[in-house]
Amino acid sequence: MSGKLVIGNWKMNTRADSAQALASALLDHAATNREGVGIAAPAVYLAALAQTLKGSRLALSAQDVSRFAADGAYTGETSAAMLADIGCRYALVGHSERRQYFGEDNAALLQKMRNAIAAGVTPVLCVGETLEQREAGQYLQIIAAQLAILPELTDGDYVIAYEPVWAIGTGKVATLEQIAEIHAFIKNWCLQNIGSSDKIRVLYGGSVKAENAEAILATENVDGALVGGASLDADSFRVVCQAAGKLI
Ligand code: PGA
């Protein structure tokens, strides 16, 4: 593991033209056109973006992947093999918006993780508590329950992203102490339950932007960032990536 990883999660935003324009702007700068930077674009634009990014070091990521492994009658689904086929390096798995709006549970997420790994796509498992769960003092149990699928994976690399639900798209950022607490907890949990933690990157996500990126990325056990809103603006995303590039 070397350097920080920053992935921009575009969510359900952009159009064909604006997606290409944003990708081109990122390719134009050394801070974003490098190893350790990725964009998670809408599925419908991934293939065209793969062509645009070809030969660059900027990585392409999907925002989701099917829990079904093999080709077949699964209308609307995009398999891990399809993502690999067009050159996706990463796939987000279990983003809180997927858990909330699509009822994704641990059983489905484990299948997604397995499928991605088997296809050679690195899954980014997103975990995080709601405000209610935090205020009830249950956040560590919730995160542990979300991590519980990881010991089932016997091989392959994956990334974990800690994203407190209450800090996503709200402008509310977790304090550095809160971030440090959870990242240490996740690393410790991995050490105890998987037997190793140094190979697993743990990203922070939730209102990461130009103004706070450096402090968050410099926090202990933070190996990178998952950036939503600020990744839709090339200048803001570049500042986040520049901050990441300065740190090891
Ligand atoms: P945000 O989203 O940066 O807009 O808060 C982060 C995410 O959901 O990945």
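Ser207 is buried, because its relative accessible area of 17% falls under the 20% cut-off. The model is predicted. Ser207 is also among the residues closest to the ligand, and a polar backbone atom of Ser207 is 2.8 Å from an oxygen atom of the ligand.

**Ligand shell**

- The ligand is surrounded by 13 residues, and the closest are Lys11, His95, Glu163, Gly169 and Ser207.
- By class, the shell around the ligand holds seven polar, four nonpolar and two charged residues.

- The side chain of Lys11 has an N or O atom 2.7 Å from an oxygen atom of the ligand.

- Most residues other than glycine have a negative phi.
- Lys11, which is not a glycine, has a positive phi of about 55°.
- The loop that holds Lys11 runs between strand S1 (5–9) and helix H1 (16–27).
- Ser207, likewise a residue other than glycine, has a positive phi near 55°.
- Strand S7 (201–205) and helix H9 (213–217) are the elements on either side of the loop in which Ser207 lies.

**Largest pocket**

- The space in the largest pocket comes to about 470 Å³.
- Its lining consists of 22 residues, and those nearest the centre of the pocket are Ala43, Gln63, Asp64, Arg98 and Phe102.
- Two helices, H2 (43–53) and H4 (96–102), each contribute at least two residues to this lining.
- Helix H4 gives the most to the lining of the largest pocket, namely four residues.
- The lining of the largest pocket divides into 11 nonpolar, six polar and five charged residues.

Conventions: Residues are numbered from 1 along each chain as its sequence is written. This is a predicted model: local features need pLDDT of at least 70, side-chain atom pairs count only at pLDDT 80 or more; totals for chains, interfaces and linings use all residues. Side-chain values use heavy atoms; hydrogens and water are left out. A residue is near a molecule or strand if one of its heavy atoms lies within 4 Å of it. A polar contact is a pair of N or O atoms within 3.5 Å; within protein, one must be able to donate a hydrogen and the other to accept it, and residues adjacent in sequence count only if both atoms are side-chain atoms. Ala, Val, Leu, Ile, Met, Phe, Trp, Tyr, Cys and Pro count as nonpolar, Asp, Glu, Lys and Arg as charged, and the others, Gly among them, as polar. On a 1 Å grid over the protein atoms alone, a cavity is a set of points where a 1.4 Å probe fits but cannot get out, and a pocket is an open set with protein on both sides within 12 Å along at least five of seven lines; lining residues have an atom within 4 Å of a point. Grid points are joined across faces, edges and corners, and a volume is the space filled by probe spheres set on the points. Buried means under 20% relative accessible area, exposed over 50%, partly exposed in between (1.4 Å probe, protein chains only).
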